[in-house]
Amino acid sequence: MDETCSVSHARSPENRPKNRYRDVSPYDHSRVILERPDGESDYINASFVRVPDADRKYILTQGPLENTCGDFWLMIWQQQTKAIVMLNRVVEKGTAKCAQYWPLGSDLGYEDSMLFEDVGLIVTLIGEQDSTNFVQRWFTVEELATGIKREVVHFNYTTWPDFGVPSSPTAFLNFLKVVRAAGVLDPDVGPCVVHCSAGIGRSGTFCLVDSCLVLIEKHKTLSCLNIQELLINMRSYRMGLIQTHDQLRFSYLAILQGGREILGEDANSNIKTSDSPPPPPKRGASLPVSNSNEEEKVDSEEDDIDKQLSELIDDDDEAPPELPPKKRITTKKDTDMTHVEQEEEEEESSYLLRKRIREERMIEVAPGGRIYVCATHKRNDSLDDETPVGHFTDGNSKGR
């Protein structure tokens, strides 16, 4: 096996319980190594990702598990990280995505501090500010043995839909601007820690867009980019970065929009994804084409870019899995499942939930032979559809 693809530390029996998914592992050559006393595991599911041309260095990691929160903060301390970028919510659609690894604060009726005795650190919430689409928090991290304190900023993007992408690059780019303006991505500070649930899909998208915008600022042109080459190089540090076609397409759109804002023009420069520069993504309604020939050209360009993106994303790639509820006790079966197997299990559970809800509905016959369906449940955002409460239907139809 190529040494650059070795994951022996992640697959060792003593470290397997520290992995959220059995098929998302850090490579041995790029994994973050914790400084621990002799005999204690130095493992955490986290990887250094370097983009030398952009002078960027990130740490991409999974959402902490209940049993790895201490390791997570120890990594923050030892790497002298100034900021954490969290691209998921703790719970999404009623399902836990990562452990609650920071204190919620007295304003919400909880403690202001969390003690991690296993690593000798205490984390205290000192401030929080809500903004559109994200929350910014400030913590102090104190090493108990020395009394030394450091401040860490927490940027939590809260509107990135699970198994999808934001509806528009604008909100994401505004978030990225705030992170960059804080100076926490600069080369003279410790690497920024970026995570979602698995630490590869949304996290990879964030790092790719940020690095490309740095290169555009540096070279003052969009034509300097070779996104395919850049992404492949990033994947040599952590497997599976950017998992779906939609995530990569969103990256393109965000890079184009952000690049044009940087250059201050509606640049139509080509961005290279292979030896021959591909056309840009299909234009939106705000950029109308002038005639039918241009419209046909745009359609052809759309097909070309879809083909190029498909070469980077395998058809079998799936989004990161949803996790079991936070209070559920993890069994050996759970940790042995891949994210694909977990997704299939969750789809079956969702089907059974819908079936039970339908059976719980009360059917009443109203005058005129019409059926009155009275739903007995509250709306659940995890459902794909729902019959409205008090919805009238004809006896021979499902509804209107």
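**Helix α3 and its neighbours**

Helix α3 (residues 169-181) and helix α6 (residues 245-263) have axes that come within 10 Å and cross at roughly 65°. Axes here are lines fitted to C-alpha atoms, for helices over the stretch in contact, with angles from 0 to 180 degrees between N-to-C directions. Helices are DSSP runs of H or I, at least four residues, numbered from the N terminus.

This is a predicted model, where local features need pLDDT of at least 70 and side-chain atom pairs count only at pLDDT 80 or more, while totals for chains, interfaces and linings use all residues. Residues are numbered from 1 along each chain as its sequence is written, and side-chain values use heavy atoms, leaving out hydrogens and water.

Which residues meet between α3 and α6? From α3 they are P169, T170, F172, L173 and K177, and from α6 F250, L253, A254, Q257, G258 and E261, with contact meaning heavy atoms within 4.5 Å.

Next, α4. The axes of α3 and helix α4 (residues 202-219) come within 11 Å and cross at roughly 70°. That makes α3 roughly perpendicular to α4, a label for angles of 65 to 115 degrees. On the α3 side, F172, L173, F175, L176, V179 and R180 meet F206, V209, D210, L213, V214 and E217 of α4.

Last, the cavities. A cavity is a set of points on a 1 Å grid over the protein atoms alone where a 1.4 Å probe fits but cannot get out; lining residues have an atom within 4 Å of a point. The largest cavity is lined by I44, N45, T61, Q62, P64, T68 and F72.

Terms used: Helix = DSSP H or I, 4+ residues; strand = E, 2+ residues; numbered from the N terminus. Parallel < 35°, antiparallel > 145°, perpendicular 65-115°, else oblique. 1 Å grid on protein atoms, 1.4 Å probe; cavity = no way out; pocket = protein on both sides within 12 Å on 5 of 7 lines; lining within 4 Å.
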